[in-house]
Amino acid sequence: MFRHIVGLRQVCSRTFSSSVRRQVENKVPAKQKMFQEDNGIPVHLKGGAKDALLYRATMALTVFGSGFVLYELFEAAMPKKKE
């Protein structure tokens, strides 16, 4: 029983170690260069099509949510008359 716990401890310490198994390319300088270019594009859209899609989806959800809130406030302020 104790052997299994010691073995599990060794596996966990190997899994969560701070050493890197493979080297990862540093992409930060390329991203910094891309975002610091003065090309007239807003910084929140410089990431490409993915950023534009996320921006439009966020704006659509914001407009829809604001409209829904106004509708619900109107419904709460003007309750239906009971006959």
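My notes run from the whole chain down to single side chains.

I am working with a predicted model, in which local features need pLDDT of at least 70 and side-chain atom pairs count only at pLDDT 80 or more, while totals for chains, interfaces and linings use all residues. Residues are numbered from 1 along each chain as its sequence is written, and side-chain values use heavy atoms, with hydrogens and water left out.

I looked up the fold and found 3 helices and 0 strands, in the order α-α-α along the sequence; helices (H or I, at least four residues) and strands (E, at least two) are DSSP runs, numbered from the N terminus.

I then checked the surface: the chain exposes about 8,600 Å², with carbon and sulfur atoms supplying 63% of it (Shrake-Rupley method, 1.4 Å probe; for residues, only the protein chains shown count as cover). Of the 83 residues, 2% are buried (buried is under 20% relative accessible area, exposed over 50%, partly exposed in between, with a 1.4 Å probe and protein chains only).

Next I turned to helix α3 (residues 49-77), where Phe-64 is placed. Phe-68 lies in helix α3 too, 4 residues from Phe-64, about one turn of the helix. I noted Phe-64 as exposed because its relative accessibility is 60%, and Phe-68 as partly exposed because its value is 45%.

Which residues form the aromatic pair that is stacked? I found 1 aromatic pair, formed by Phe-64 and Phe-68, at 6.4 Å centre to centre and 15° between the planes (ring centres of Phe, Tyr and Trp, the last by its six-membered ring, lie within 6.5 Å; planes under 30 degrees apart count as stacked, over 60 as edge-to-face and the rest as tilted).
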